[in-house]
Amino acid sequence: MTTEEKKDDCACGGLDAVYASIDALVDFARKRLELDPRDADWTRNRIFELFSLDSYRPTGATSDDTLPDDLLTRFRAAAVAAGLFDADEGSVYADIVMGMLSGTPSAVQDRFEAVEREHGGMEAMRWFYDYCVANNYVKKGVLDKNPRFDSHGLVITINLAKPEFKNMKKAAAGNSVAGGYPACTICHENEGFAGRNKRTLRTIPATLGDEPWFWQFSPYGYFYQHGICVNDEHTPMHVSRSTFGHLLDFVDRFPGYFLGCNAALPRIGGSVLAHDHYQGGGELLPMHKAATWAAFTLADYPDAVVEILDWPGTAVRVVSKSRQSIIDVSDIIREAWVGYDDAANGIASHDADGNRQSALSPSAIITERGYEMSLIFRNNAISDEYPEGIFHAHPEYWPVKQEPIGLIEAQGLFILPGRLVDQLGIVEEALAEGRDLPDEVSEFSLEWGELAETLAGNHDREAIRQAVHDELGSVCYRILGNTAVFKQKATTQTFLESLGFAAR
């Protein structure tokens with residue numbers, strides 16, 4: 001639609017609602033995005049310029065909203081009705097307008113640093129998160145609609161906004177870049193980049209190991225204040241001795257957060273392996289709170305304890321008040337694991353072509369005990385029986401979860417595909433009506449059989465819903481068991497003892 005055609009449609013449709021919606025957004029920006037009142041007219045005029053609007057009279061419309069969702073819905077509806085843009089262009093124009101209402105990256109960073117100086121890192125992060133919600137980069141209104149519940153010691157979520165990538169190759173393709181700028185989807189150059197609707201993206205600089213990194217929140221985060229810390233340099237992901245120091249640098253500055261790293265290998269690592277980055281946020285995940293199965297020490301590091309976790313995956317936790325001991329002990333375990341071969345347990349550190357298959361996935365927090373560095377043992381080997389990964393979710397569980405199990409899920413927060421809402425709705429309805437498993441969800445035969453046994457003919461809908469939640473948690477718990485490289489805790493103990501660790 002040309003500008004002149006839009007003007008003609010506007011003349012027919014009227015602009016009062018458009019002007020009122022823009023006035024409300026500018027008022028929202030003044031209250032929630034720290035828009036200087038001196039810039040209000042200038043900002044409003046920049047929005048008018050988008051649509052060649054020049055018949056404005058103040059409407060007096062204001063906003064008491066804490067989220068921008070309803071304001072943007074009203075703006076989009078009014079603009080479409082007035083012929084300013086087509087309905088399918090609404091999300092783009094919402095991003096453009098919110099980008100104009102947001103502060104510049106330098107202004108946001110200056111404000112963050114001022115809050116941090118006065119109130120500390122955690123209060124600054126809280127301010128920054130609230131800002132990213134208010135400017136609509138973090139889609140909190142969408143995230144709040146995702147089902148979430150606890151089951152079998154895990155947190156289960158169903159992500160209604162995230163596309164399902166059933167293997168890492170598809171996930172990587174979903175994050176690929178057709179052109180050369182920015183080099184990938186998480187490079188710093190994405191800040192404000194219109195080509196990916198990143199006009200509202202704002203970042204905060206961070207220094208890890210004397211190197212420049214930056215923090216940004218995830219638009220569709222999986223948990224509270226979920227974000228990523230990204231290397232300024234577009235360099236491949238890796239886990240090395242320096243990784244442990246990086247994670248500790250971050251939690252020293254933001255002690256209420258955790259920060260962790262995916263194993264930097266295909267099938268078990270993140271979907272953006274080309275750019276070094278970590279994940280974390282303001283919510284401890286189930287594995288961080290897991291009980292200890294057994295504890296060990298190393299003679300040279302009496303101030304550090306290594307705990308085998310009572311956890312379905314293979315994981316240990318290094319605990320010490322000493323940064324140096326945490327780094328040294330963690331790296332001893334890392335170096336041993338990446339070269340470890342154990343034919344009896346089906347573990348090969350390298351494939352037939354010499355490619356590395358084993359890696360650690362670390363995650364750091366600070367507690368009253370000091371630093372805690374969780375180390376998850378990962379291996380991405382494949383076989384004829386398990387072409388998607390020996391230590392991946394096995395095929396019988398794919399109806400629930402086929403995507404790779406990365407850092408967040410390995411720590412006990414599962415992100416299940418949105419299709420499950422409709423599919424499990426069909427299953428629940430059939431159970432309530434006493435029917436057989438419907439053909440359109442026949443792939444859920446395992447879950448159906450277990451649900452039928454649990455319910456034993458009970459057709460109460462609330463009991464069915466609870467049984468379904470319990471079944472999903474049970475399946476996810478078993479998937480974590482699939483990822484365990486050592487199926488018995490005693491085998492993990494044997495591995496540690498081979499490195500000189502002794503029971504505490």
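Student: In the crossing where α2 passes α5, what is the handedness?
Tutor: This is a predicted model. In it, helix α2 covers residues 16–32, and its axis lies 10 Å from that of α5. As α2 passes α5, the crossing is right-handed.

Student: How many nonpolar, polar and charged residues make the contact of α2 with α5?
Tutor: On the α2 side the contact uses Leu25, Val26, Phe28 and Ala29. On the α5 side it uses Val97, Met98 and Leu101. By class, the residues of this contact are no polar, no charged and seven nonpolar.

Student: How are α3 and α5 oriented, roughly parallel or roughly antiparallel?
Tutor: The axes of α3 and α5 are 9 Å apart, and the packing angle is about 155 degrees. An angle over 145 counts as roughly antiparallel. The pair α3 and α5 is therefore roughly antiparallel.

Student: Which residues of α5 meet α3?
Tutor: α3 passes α5 in a right-handed crossing. From α3, the residues in the contact are Thr43, Arg46, Ile47 and Leu50. Their counterparts in α5 are Ile96, Val97, Met100 and Leu101.

Student: How many charged residues are in the contact of α3 with α5?
Tutor: Six residues of this contact are nonpolar and one is polar. The charged count is one.

Student: Are α4 and α5 roughly perpendicular or oblique to each other?
Tutor: Helix α4 spans residues 69–81 and helix α5 spans residues 90–101, with axes 10 Å apart. Their packing angle is about 120 degrees, while the range for roughly perpendicular is 65 to 115. Hence α4 and α5 are oblique.

Student: Which residues of α4 make the contact with α5?
Tutor: The crossing of these two helices is right-handed. The α5 side of the contact consists of Gly90, Ser91, Tyr93, Ala94, Val97 and Met98. The α4 side consists of Leu72, Phe75 and Arg76.

Student: How many residues of each class are in the contact of α4 with α5?
Tutor: The contact includes Arg76 from α4 and Ser91 from α5. Its composition is one charged, two polar and six nonpolar residues.

Student: Which element gives the most to the lining of the second largest pocket?
Tutor: This pocket holds about 310 Å³ of space and is lined by 21 residues. The elements that give two or more residues to the lining are α3 (40–50), α5, α6 (105–119) and α7 (121–134). With four residues, the element that gives the most is α6.

Student: Which lining residues lie nearest the centre of the second largest pocket?
Tutor: By class, the lining has ten nonpolar, five polar and six charged residues. Those nearest the centre are Glu34, Ser102, Gly103, Thr104 and Ala107.

Student: What is the volume of the largest cavity?
Tutor: Six cavities of 30 Å³ or more are found in a search of the whole structure. For the largest cavity, the volume is about 60 Å³.

Student: Which element supplies the largest share of the lining of the largest cavity?
Tutor: The lining includes Met287, Trp311, Phe377, Arg378 and Leu480. It divides into eight nonpolar, three polar and one charged residues. The elements giving two or more residues are α15 (461–483) and β12 (370–379), and the largest share, three residues, comes from β12.

Student: Is the peptide bond from Tyr181 to Pro182 cis or trans?
Tutor: Most peptide bonds are trans. Pro182 is placed in the loop between α9 (168–174) and β3 (204–208). The bond from Tyr181 to Pro182 has omega near -20 degrees, and it is cis.

Student: What is the value of phi at His152?
Tutor: Most residues other than glycine have a negative phi. His152 sits in the loop between β1 (148–151) and β2 (154–159). Its phi is positive, near 55 degrees.

Definitions and conventions: Residues numbered from 1 in each chain as written. Predicted model: local features only at pLDDT ≥ 70, side-chain atom pairs only at ≥ 80, totals over all residues. Heavy atoms only, no water. Axes fitted to C-alpha atoms, helices over the stretch in contact; angles between N-to-C directions. Parallel < 35°, antiparallel > 145°, perpendicular 65-115°, else oblique. Left-handed = near helix turned anticlockwise from the far one by under 90°. Contact = heavy atoms within 4.5 Å. Nonpolar A, V, L, I, M, F, W, Y, C, P; charged D, E, K, R; others polar. 1 Å grid on protein atoms, 1.4 Å probe; cavity = no way out; pocket = protein on both sides within 12 Å on 5 of 7 lines; lining within 4 Å. Points joined across faces, edges and corners; volume = space filled by probe spheres on them.
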